[in-house]
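Please examine the model shown here before reading further.

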Amino acid sequence: MTLAFAATLLGLGLGGAFLAGLLGVGGAIIMIPLLLYVPPFFDVGKLSVKAVAGVTMVQVLVAATSGMLAHRRHRAVNGELALVGGLAMASGSLVGALASYYVYDRWLLLIFALMVTAAGALMMVPIDAATPSLPIAEPQRFSRPRTATVCGGVGIGAGLVGAGGAFLLVPLLLIVVGVPIRVTIGSSLAITALASIMGVVGKLATGQIPYESALVVVVGAVPGAQLGAALSRRLSGGQLRLTLGVIIVAIAIRVWWDVLTYH
């Protein structure tokens with residue numbers, strides 16, 4: 001690995017994790033296209049789709065854990081929601097990660113595009129973004145079966161493409177389960193961290209993680225997630241939701257272009 005390639009991966013890990021802490025996503029929705037397109041653009045190196053999926057899964061685990069700890073200090077993580085959703089999503093993520101070994105790169109890209117599109121559509125559904133001053137969700141305010149179903153389904157898709165799945169999980173928790181935005185952000189990071197453990201195990205078991213590249217990305221991910229979480233507390237629920245929606249739509253357009261022009 002060249003110094004230029006390593007510096008690029010370090011910067012991408014920092015930026016992706018910053019958005020993870022800011023918006024409650026693991027960072028995969030940002031990291032997958034960044035790792036695919038930025039190194040070749042600067043002509044410093046290139047990773048295959050499967051390698052990108054492996055590196056991203058590791059980055060998601062580290063960024064989600066770091067971001068969750070930061071949000072937990074401010075009481076924005078619901079433990080029961082995280083446990084129910086995390087176990088369900090972890091099971092689905094392991095199944096998806098193991099199955100991804102047998103799926104062609106183009107199909108993985110198509111699955112990712114469909115997931116991003118679904119997330120973008122959900123972000124357009126109007127909801128009340130107001131949140132209480134102390135963002136703590138009471139256990140009885142969410143349906144456990146609905147949470148498990150949502151998280152398990154997202155986990156399968158996330159394991160396939162190497163994503164944490166939080167970019168789809170956040171709008172689903174908001175719209176389908178009805179969790180307030182700030183608790184959604186903190187709790188989704190906890191759910192994603194638990195799920196990513198199984199995803200990483202699946203990728204390791206099938207030899208899909210390039211260790212050197214993953215290590216460099218992770219070094220940038222830890223401080224990036226902490227910085228994002230710090231900024232997240234300064235923004236309103238509406239601002240956070242709008243930011244996530246804009247990012248999802250922009251990436252959906254770029255990924256669909258890649259799917260349609262894939263050779």
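This is a predicted model: local features need pLDDT of at least 70, side-chain atom pairs count only at pLDDT 80 or more; totals for chains, interfaces and linings use all residues.

Residues are numbered from 1 along each chain as its sequence is written, and side-chain values use heavy atoms, with hydrogens and water left out.

Two packed helices are described by the angle between their axes and the distance between the axes. Helices are DSSP runs of H or I with at least four residues, numbered from the N terminus. The axes of helix α5 (residues 105-123) and helix α10 (residues 237-260) come within 8 Å and cross at roughly 150°; such axes are lines fitted to C-alpha atoms over the stretch in contact, with angles from 0 to 180 degrees between N-to-C directions. That makes α5 roughly antiparallel to α10, a term for angles over 145 degrees.

Contact between the two helices (heavy atoms within 4.5 Å) involves several residues of α5, among them L109, F112 and V116, which meet residues of α10 including L244, I248 and D258. By class, the contact of α5 with α10 has 16 nonpolar, three polar and three charged residues. Here Ala, Val, Leu, Ile, Met, Phe, Trp, Tyr, Cys and Pro count as nonpolar, Asp, Glu, Lys and Arg as charged, and the others, Gly among them, as polar.

A volume is the space filled by probe spheres set on the points, which are joined across faces, edges and corners.

The largest pocket holds about 260 Å³ of space. Twelve residues line this pocket, and the closest to its centre are L36, K46, V49, D258 and Y262. Its lining divides into six nonpolar, three polar and three charged residues.

How many cavities of 30 Å³ or more does a search of the whole structure find? The search finds two. The largest cavity has a volume of about 60 Å³, and its lining includes L36, V49, L109 and F112. That lining has nine nonpolar, no polar and no charged residues. The second largest cavity, of about 30 Å³, is lined by L23, V170, I181, I185, L240, R241 and L244. The largest share of that lining, three residues, comes from α10.

Terms used:
Angles under 35 degrees count as roughly parallel, over 145 as roughly antiparallel, 65 to 115 as roughly perpendicular and the rest as oblique. On a 1 Å grid over the protein atoms alone, a cavity is a set of points where a 1.4 Å probe fits but cannot get out, and a pocket is an open set with protein on both sides within 12 Å along at least five of seven lines; lining residues have an atom within 4 Å of a point.
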